[in-house]
Amino acid sequence: MNNPKVIVLLPVYRKDSPVYLRLSVDSMLAQTYKPLHILIGIDGSIEGELADTIQSYARQERITILPFEENRGLAALLNDMIRWAQTQGYTYFARMDADDISLPERIEKQMDFLLAHPDIDVVGGATNEIDENGNDRHKINHYPLTPDACYRYFAKRNPVAHPSVIIKQSFFDKAGCLYRPEFRQNQDTMLWFDGLKKGAQIANIQDIVLNFRVNGEFFIKRRNGWTYAKGLLKERKTINQELHYGWKATLYAYLLFMFRISPSWIIRLAYKIL
């Protein structure tokens, strides 16, 4: 029996590091699972070493480069990448970020799980954190394994690491949508929300599937700030109401809001401890 074909959705924009990108792409080329195709989507104009790095993969048979002139944000880019992949007959979509590194057996392990559990629509896995230089931060992030545990976990935070997942077409069919392009941030949170409220099943394998890069920008831009915190609180209140998580989840959302607007050094310290 032939393996189902899988496509890797790897978005890139002008601020991505060409060094990190090469490590990311090469980690997917080294996957033990076949057949596997890599779709590099470019969100807006790029130049210099980053453009050269992407161009160096242009003749790779297992890689397709999909450029877009306008920078529209991750959700809009991912939607166009998914639509392109759907026209090519793909029904398994693996996510990957341009600064992370997948372990060689990641896709094989996740596909083995999905094929053994046909009721599951999304599968993620544990992540190991590395710093700017690729050094181990000695922190492994584990996520709930079963659909019920993932549903309960979503009352506080996302049940999967976005760059670690494989999403089946069945998830989008159940959700009735792709990513919401109006969300420049937290687009994955709203995607899981749209799926879970329609009965989609999310799970994780216990294995570490990728090295997740954490740098200074992770704390300064992605993890705090008034705008980010306010938007997250609004989204969480909607999620809690529609998924009936109760007052404890709402209280947690407000506590998280206070945390998000704290100085970055407090967030960095708390993230290291928690």
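This is a predicted model: local features need pLDDT of at least 70, side-chain atom pairs count only at pLDDT 80 or more; totals for chains, interfaces and linings use all residues.
Trainee: What makes the pairing of Asp-80 and Arg-72 a salt bridge?

Mentor: The side chains of Asp-80 and Arg-72 meet with N and O 2.8 Å apart, and because the cut-off for a side-chain nitrogen of Arg and a carboxyl oxygen of Asp is within 4 Å, the pair qualifies. A search of the whole structure finds ten salt bridges, and this pair is one of them.

Trainee: Why is Arg-83 called partly exposed?

Mentor: The relative accessible area of Arg-83 is 42%, and since buried means under 20% and exposed over 50%, a value in between counts as partly exposed. Arg-72, with a relative accessible area of 23%, is likewise partly exposed.

Trainee: How do you know that Lys-197 and Glu-242 form a salt bridge, and what does the pair tie together?

Mentor: The closest N and O atoms of Lys-197 and Glu-242 are 3.7 Å apart, which is within the 4 Å cut-off. Lys-197 lies in the loop between helix 7 (187–196) and strand 9 (202–213), whereas Glu-242 is in helix 9 (residues 226–242), so the pair ties together parts that are 45 residues apart in sequence. Lys-197, at 35% relative accessibility, counts as partly exposed, and Glu-242, at 41%, also counts as partly exposed.

Trainee: Turning to the helix pair, why is helix 1 called roughly parallel to helix 2?

Mentor: The axes of helix 1 (residues 18–29) and helix 2 (residues 48–55) cross at roughly 20 degrees and come within 9 Å. Because angles under 35 degrees count as roughly parallel, helix 1 is described as roughly parallel to helix 2. The crossing of the two helices is right-handed.

Trainee: Which residues make the contact, and how do they divide into nonpolar, polar and charged?

Mentor: Helix 1 contributes Pro-18, Leu-21 and Arg-22, while helix 2 contributes Glu-49, Leu-50, Thr-53 and Ile-54. The residues of this contact divide into four nonpolar, one polar and two charged.

Methods. Residues are numbered from 1 along each chain as its sequence is written. Side-chain values use heavy atoms; hydrogens and water are left out. Buried means under 20% relative accessible area, exposed over 50%, partly exposed in between (1.4 Å probe, protein chains only). Helices (H or I, at least four residues) and strands (E, at least two) are DSSP runs, numbered from the N terminus. Axes are lines fitted to C-alpha atoms, for helices over the stretch in contact, and angles run from 0 to 180 degrees between N-to-C directions. Angles under 35 degrees count as roughly parallel, over 145 as roughly antiparallel, 65 to 115 as roughly perpendicular and the rest as oblique. A crossing is left-handed if the near helix is turned anticlockwise from the far one by less than a right angle, and right-handed if clockwise. Contact means heavy atoms within 4.5 Å. Ala, Val, Leu, Ile, Met, Phe, Trp, Tyr, Cys and Pro count as nonpolar, Asp, Glu, Lys and Arg as charged, and the others, Gly among them, as polar.
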